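Visitor: I would like to learn to read a structure like this one. Where do we begin?

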Amino acid sequence: MEDNVKVSVQHLNKKFGQLEVLKDISVEIKEGEVICLIGPSGSGKSTFLRCLNRLEEITGGKVIIDGHDLTDEKLDINKVRENIGMVFQHFNLFPRMTVKENIMLAPVQLKKMTKEEAEQKALALLDRVGLKDKAETYPSQLSGGQKQRVAIARSLAMNPDIMLFDEPTSALDPEMVGEVLAVMKDLASQGMTMVVVTHEMGFAREVGSKVIFMDGGYIVEQGDPHEVINHPKQQRTIDFLNKVL
Amino acid sequence: MAVFFENIGKYISRFNDAFVVTIELSIISLILATIIGIVVGLINTSKSKSIIMKILKFISNIYIVIIRGTPMLVQILIIYFGIAQVLRPTGFSWLRLGGTFGAGVVALSLNAGAYMAEIVRAGIEAVDIGQIEAARSLGLPYSKTMTKVVLPQALRTMLPSIINQFIISIKDTSLLSAIGLAELTNVGKTVASTWTSQTMSLFCLMALYYLVMCTVLAKVAKIVEKRLSYGR
């Protein structure tokens, strides 16, 4: 394996009972790459993303993150997850904690930082996503875009080197999409390895190093974002893009 | 009525003593019931596939079925008289464990514990799965996810049901009069049997003690509920 391969997915298979949602997926993701997963709903892209930190149990094949085989039963999955940030469509902020406490929870509980260090880190991260003044606020008082930016800050608190985004802008009002994408662009420009499930073709084209189009549990087409989005080769990709663009 | 107020002074200290017994019984039992409820509730919501967990789940399910499916009075009789009879050859006697008070605590805790377990289970299951996924994706283990993220949220949802159970259990202490425990109902009955001209007034006085206890608890609960409403 090359040194800079962060994620290696080999013949990944995922079944929910009898239903096969991922079929023989193989992908390699190198350090600093931004992979955008596109495709119709039900195509398996979110499930694929969730297999990368084992929020979904893997039925077949292998997922190797930084040399750790996620299918290894002896693996301490919590240790691996510390290095993989995840951002959800519905934010999933902890409602009973302030914004600052949301961000501090993992570093303090996992003894990565003292309370003071975690607080400094939280404020620095909030500054980075443009929400320093919201540190003491509860999530219910924030707008959708602000919530998602806090969620990004929270997932960055453990200093992950891979970030997973599961349709981060799909639950947002249109005018709030931009502020979240801006934070993601900023992350990408600083060399973060990112896997993004998205319907934002503009973002995929501008920021993505690679676009993967999935349908029916298969990877149908992948490659350079401009190539895949502007000149798709497969009929299913063409049909899908015609509908969304 | 005048006769009642002129003479009640002779008996009031007996009522007050019984009131204290009822309160002690309730507090001790409800603390134990809460512990039982949390432990059994956590066992029943665990997704672990280990054999030990499966056995524990099986046991706790049987426990809940038995408690929910039998009257509390029957449970009290089984625990006080039944257990004593079966264990007599081993030298066991409830006298060594606080007599009727000890048996009352056991019966009340086991009874309320089963209902509390169901309240805890429902409360945990009502927490959005996304909360658990967010915590786990940060690298928090299951135990910390429960104690730091899930249970604090579940507590707010569970609180009204927990208080409801507390109130039911406080009133259920009256059933312990059946084994001769000197709690309110038992003492009330005894006094009423010697002062037969005042049956109504004595029983109403007895009822008033329960009414005050339960109402105060309900009021306190409302205040706590309000305080726990932040972040909503």
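Guide: With one side-chain pair: A:Lys6 and A:Asp161 are joined by a polar contact of 3.5 Å. A polar contact is a pair of N or O atoms within 3.5 Å; within protein, one must be able to donate a hydrogen and the other to accept it, and residues adjacent in sequence count only if both atoms are side-chain atoms. This is a predicted model: local features need pLDDT of at least 70, side-chain atom pairs pLDDT 80 or more, while totals for chains, interfaces and linings use all residues. Residues are numbered from 1 along each chain as its sequence is written, chains are lettered from A and ligands numbered from 1 in the order written, and side-chain values use heavy atoms, without hydrogens and water.

Visitor: Is A:Lys6 buried or exposed?

Guide: Buried means under 20% relative accessible area, exposed over 50%, partly exposed in between (1.4 Å probe, protein chains only). A:Lys6 has 8% relative accessibility, so it counts as buried. The residue sits in strand β1 (residues 5-16) of chain A. Strands (E, at least two residues) and helices (H or I, at least four) are DSSP runs, numbered from the N terminus.

Visitor: Which residues of helix α9 of chain A are buried?

Guide: A:Thr237, A:Phe240 and A:Leu241, in a helix spanning residues 235-244. Down the axis of α9(A), the buried residues fall within an arc of 95°, so they line one face. The arc is that of the directions from the helix axis to the C-beta atoms. The face turned away from the buried side carries exposed A:Gln235, A:Asn242 and A:Lys243.
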